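Subject: Structure handover, with notes on salt bridges

Dear colleague,

I am passing the structure below on to you, and I would be glad if you kept it open while reading the notes that come after it.

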Amino acid sequence: MTLTNFFFANPILMVVISLVFGLLVGSFLNVVIYRLPQMMQAEWTKQCYELFEIKNSSKPSEISPSFNLAMPNSHCPKCKHEISTLQNIPLFSWFFLRGKCSYCQASISARYPIMEAFTGLITALVVFKFGFTWLTLAVLFLSWSLIVLTMIDFDHQLLPDDITLPLLWLGLVINSLGLITSLEQAVWGAIVGYAILWGVYWLFKLVTGKEGMGYGDFKLLAALGAWMGWQSLPLIILLSSFVGAVVGLSLIVIKGRDKNIPIPFGPYLASAGFLALLWGDELIAFYYCLIT
């Protein structure tokens, strides 16, 4: 019996294994979400020093220590105590340590286990939806990337090119193999996805004199178009705009948030793209039922 047949014969086991694997991936995604913006900031600082030829001040490495996604090892942000392997088990270690550093007893944010659990559930959901296939592997990579983009945009209002641009090209590559849609529809999805938000951006800027969104949003919608084709774009835009409007108005009305404070649009695009990929046909059918 092949591995594929084994998992098809034991779907519950397949989902459980994917859930555990998703927890491990979620732990790594926490690292990416935390470190990638700092790595980008360090690189920008270095480029600024080189551009302006600053020599009589502190070096860029003294402003932001050089590190990457692999080094240094995980440690407490307060006391710098290195976290051991047993203390770094996804989800369970946080509860075992009661959300505190084992050395200095500083609180560890509950966001870490929440992200691990969420990634595990998303991974299990994708595997349950698509089975043990090459398409599943591709969709998992997209889903994990959307999680990272959502959290970085939420924290920093930034959608890194290091993620959005490879996603765009990968979408074209997988659709050259016909995994989701045709290559022609994927290419037009990337073009139209970028052009739509680019047009909205400039129209809003000409009317109000303000920037309504960032270029990262254009690239993210282009990437989603490359993955799902141009036909998916109306649904993605509708879902993201609706959720964004509801959340934005809620923050203004309930929490008294200043309406001039920008709200990142990337999380809504990412969520809408994920929903459209998994349940696009069902959502469209539901919409038609409502209007007919």
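This is a predicted model: local features need pLDDT of at least 70, side-chain atom pairs count only at pLDDT 80 or more; totals for chains, interfaces and linings use all residues.

Residues are numbered from 1 along each chain as its sequence is written, and side-chain values use heavy atoms, with hydrogens and water left out.

Taking a salt bridge as a side-chain nitrogen of Lys or Arg within 4 Å of a carboxyl oxygen of Asp or Glu, the count comes to four. Among them is the pair Lys129 and Glu282, with 3.9 Å from N to O. Because Lys129 lies in helix α5 (residues 111-130) and Glu282 in helix α11 (residues 266-291), this pair ties together parts that are 153 residues apart in sequence; helices here are DSSP runs of H or I with at least four residues, numbered from the N terminus.

Another salt bridge joins Asp161 to Lys219, whose closest N and O atoms are 2.8 Å apart. Asp161 belongs to helix α7 (residues 161-176) and Lys219 to helix α9 (residues 215-228), so parts 58 residues apart in sequence are tied together.

As for accessibility, buried means under 20% relative accessible area, exposed over 50%, and partly exposed in between (1.4 Å probe, protein chains only). Lys219 is buried at 18%, whereas Asp161 is partly exposed at 34%. Lys129 is partly exposed at 35%, and Glu282 is also partly exposed, at 43%.

With kind regards

Conventions. Helices (H or I, at least four residues) and strands (E, at least two) are DSSP runs, numbered from the N terminus.
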